[in-house]
Amino acid sequence: MSETMVTAGEACQERVALQVTDAEKVFGGKGVTTTALNGLSLTVPEGEFVAVMGPSGSGKSTLLNCIATIEKLTAGSIVVGGKEVTSLKGRALTRFRRDELGFIFQDSNLLDTLTGSENIALALSVKGVNAREIPALVGKAAQELGVRDVLEKFPSQMSGGQRQRVAAARALVTDPTLILADEPTGALDSRNARIMMDCLTSMNETRGVTIVMVTHDAFAASFAHRVVFMRDGAIFNEVRRGEATRTEMFDRIMRVQAFLGGEARHDA
């Protein structure tokens, strides 16, 4: 596998969107503890699409939660867009979450009582965008994600794939520094998973959005520029796409997953 692997700490010369340094996260206390992150460091340049993979319990979700400031590190630092986020509190923390991050969850997390348009617009309203500007911004994001036809529908009237793409439009519309995607294809069938990943790729390529995606799915991960594999709370290794096709990237990921004992849900 050596031809497809690189050292996890490889230096990066580009402008950095995310810098995680010596991250540690320990849960529990009184002699009973679990180490979820164990000295992990990760650099993500602006405009990169990174997938994070690894077996259950490897620390993937904890890493995402710490970047999102849902969990707080025990030690180490996280810098997003030049801001050290581990020390943010109160209004500064609220502003960071509102202005710098976009979220896409496995179950979309749309508000059932709002239409697609209103769900997307809510992110702009919370940010304080002028009400006159919101319709155009919502329309642009909906067009990019292919959901203009469901803007007036409620989530219960949408398919699972449509809900996920509305959620992606909601994440994109505020122009965040970083989009965090947690198993965005986990609840989708193969067809809708492909559509969703094409949309994320388009977001990354046309707007230069930086994306960090946690996934168990080798098919989804094969769309990324780089796949980071975690094991026991640390980065085990990486696969970079480079000039490889997506199918070749999928094969590389599968080889590493076989080594780690993982499985993919989709065919390439």
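**Fold, surface and selected residues of the predicted model**

Residues 24 or more positions apart supply 71% of the contacts in the protein, counting contacts with a separation of 6 or more. The structure is a predicted model. Its secondary structure consists of eight helices and 11 strands.

The overall dimensions were examined next. Along the principal axes, the C-alpha atoms fill a box of roughly 50 × 45 × 40 Å. The radius of gyration is 18 Å. A compact globule of 268 residues would have a value near 18 Å, so the protein agrees with that expectation.

Burial and surface were then considered. Of the 268 residues, 47% are buried. The protein exposes about 12,500 Å². The protein carries 30 positive and 32 negative charges. The mean position of the positive charges lies 6 Å from the mean position of the negative charges.

The aromatic rings came next. Three aromatic pairs are present in the structure. One of them joins F103 and F105. Their ring centres are 5.8 Å apart. Their planes meet at 10°, so this pair is stacked; the cut-off for stacking is under 30 degrees. Both partners are partly exposed: F103 has a relative accessible area of 22%, and F105 has 27%. A residue counts as buried only under 20%, so neither value falls in the buried class.

A further pair is formed by F219 and F223. Here the centres are 5.3 Å apart, and the angle between the planes is 75°. This geometry is edge-to-face, a class that requires planes over 60 degrees apart. F219 has a relative accessibility of 5% and therefore counts as buried. F223 has a relative accessible area of 7%, so this residue is buried too.

T210 belongs to strand 9, which spans residues 210-214. At 3% relative accessibility, T210 is buried. Which residues does T210 contact, leaving aside its neighbours within four places in sequence? The contacts include A17. They also include V44, P45, E46, G47 and E48. T177, L178 and I179 complete the list.

Definitions and conventions. Residues numbered from 1 in each chain as written. Predicted model: local features only at pLDDT ≥ 70, side-chain atom pairs only at ≥ 80, totals over all residues. Heavy atoms only, no water. Helix = DSSP H or I, 4+ residues; strand = E, 2+ residues; numbered from the N terminus. Rg over C-alpha atoms; globule rule 2.2 N^0.38 Å. Buried < 20%, exposed > 50% of the residue type's maximum accessible area, 1.4 Å probe, protein only. Contact = heavy atoms within 4.5 Å. Areas by Shrake-Rupley, 256 points an atom, 1.4 Å probe, with all protein chains shown as cover. Lys, Arg positive; Asp, Glu negative; His and termini not counted. Charge placed at Lys NZ, Arg CZ, Asp CG, Glu CD. Phe/Tyr/Trp six-rings, centres within 6.5 Å; stacked < 30°, edge-to-face > 60°.
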